[in-house]
Amino acid sequence: MSPPSNLGNFKDGSESAAGENYADINWDNYELGFYLVPTDYMYVMKCAKGDKFSQGSIVPYGNIEISPSAGILNYGQGLFEGLKAYRTEDGRILLFRPDENAQRMKRGADRLCMPSPSNDQFVNAVKQIVLANKRWVPPSGKGSLYVRPLLMGTGASLGVGPAPEYTFLIYCSPVGSYHKGALNFKVEDKLYRAISGSGGTGGIKSVTNYAPVYTAMTEAKANGFSDVLFLDSATGKYIEEATACNVFVVKDNSIFTPEIDGTILPGITRKSIIEIAIDLGYQVMERAVSVEEMLGADEMFCTGTAMVVNSVASVTYKETRVDYKTGPEALSAKLRATLVGIQTGCVEDKKSWTVLVD
Ligand SMILES: Cc1ncc(COP(=O)(O)O)c(C=O)c1O
């Protein structure tokens, strides 16, 4: 989706009430959504096959030139990550658990036979690119700066095999809400997102995990649903996750979420919400969750960096539609408020999850 034309003039800076320099977006009058608003700079670091990443640089944001024979274009040798930078009320900029993204990228890189930046390289690069694009970090309460690291085989290789060169690139975009309101899920019972079990790639953020979901997602959206919920490919009896978020169901005072078994993505929001819920006194069980159990639940919600925590209003499985509790009284609202509070510096970060960008 492209940004609306009334968003503002991206190239001119404007002075905020706090005297801070911001990109000239109508921050007060326009509600950002989740689409690309190009910023000033991106980060690029390259490394040859068999080497280690060493030195990256900040360059103007723009198109990149790669060989038609690049590993990423021909054989899908690529990963992406996603995290956000938030501006606090007192003007600081915070990242949320960037080391977790670094580790997840490393696990994916090992699986796809790619070198990966070290944790420190990853986190430092994210800090640098956020600082370089500081004027695009929305004012507190107006959104966040979405940070998108990519790791890809950019070297040319005609034959099937690991690319001879790799690029780690980070670009950013200011974003607002991913979804507006509670979601209506359609359970997909014919196409699968990932192969069940630990042998596949469902548990990493391989670029190849996303396009295979589009047919089901497009059809569901055309029929008025917000997203698709995928089932396990071995039995088709258990829920896994949606297109790009993890799912939770709530029954009485217990919370259930599919366990991390190599098939579903180990979401950083998922992991954080589990800890927050346990701290708030809820019982959280990570185990297989059947379709029947989901249909009998009181509440359902999903988690992901882009949406943070979003409640699910309904699920439709074959001919059955079930409605769930939503609104301010729902548990998901409480969990979301705590997590967003920590991410934006409004709630004390007792777990040292946030990282200051300075
Ligand atoms: C398939 C999939 N599942 C779950 C998630 C949620 O993960 P996280 O909370 O780390 O953003 C994402 C998004 O990254 C995703 O693409």
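Reader: How are α2 and α3 oriented to each other?
Author: In this predicted model, the axes of helix α2 (residues 98-111) and helix α3 (residues 119-132) cross at roughly 130°. Angles under 35 degrees count as roughly parallel, over 145 as roughly antiparallel, 65 to 115 as roughly perpendicular and the rest as oblique. α2 and α3 are therefore oblique.

Reader: What ground rules apply to the model?
Author: Residues are numbered from 1 along each chain as its sequence is written, and side-chain values use heavy atoms, without hydrogens or water. Local features need pLDDT of at least 70 and side-chain atom pairs count only at pLDDT 80 or more, while totals for chains, interfaces and linings use all residues.

Reader: Within what distance do the axes of α2 and α3 come?
Author: Helices here are DSSP runs (H or I, at least four residues), as are strands (E, at least two), numbered from the N terminus. The axes are lines fitted to C-alpha atoms over the stretch in contact, with angles from 0 to 180 degrees between N-to-C directions. For α2 and α3, those axes come within 9 Å.

Reader: And how do α5 and α7 lie to each other?
Author: The axes of α5 and α7 come within 10 Å, and they cross at roughly 110°. α5 and α7 are therefore roughly perpendicular.

Reader: Which residues are closest to the centre of the largest pocket?
Author: A pocket is an open set of points on a 1 Å grid with protein on both sides within 12 Å along at least five of seven lines, and lining residues have an atom within 4 Å of a point. The largest pocket holds about 1200 Å³ of space. Of its 46 lining residues, the closest to the centre are F34, R148, Y178, A244 and A306.

Reader: From which domains does the lining of the largest pocket draw at least three residues?
Author: Domain bounds come from an automatic or database assignment. The lining of the largest pocket draws at least three residues from each of domain 1 (27-173) and domain 2 (181-342).

Reader: What about the second largest pocket, and which residues lie nearest its centre?
Author: The second largest pocket has a volume of about 550 Å³. Elements giving two or more residues to its lining are β6 (83-87), β17 (308-317) and α7 (331-343). Domain 1 and domain 2 each supply at least three of its lining residues. Among the 29 residues that line it, those nearest its centre are G141, G143, G176, S177 and R336.

Reader: What is the volume of the largest cavity?
Author: A cavity is a set of points where a 1.4 Å probe fits but cannot get out. The structure holds one cavity of 30 Å³ or more. Its space comes to about 110 Å³.

Reader: Where does the largest cavity lie, and which element gives the largest share of its lining?
Author: Domain 1 and domain 2 both give residues to the lining, so the largest cavity lies between them. Its lining includes L83, Y86, F96 and I268. β6 and α5 each supply at least two residues. The largest share, three residues, comes from β6.

How values were computed
Grid points are joined across faces, edges and corners, and a volume is the space filled by probe spheres set on the points.
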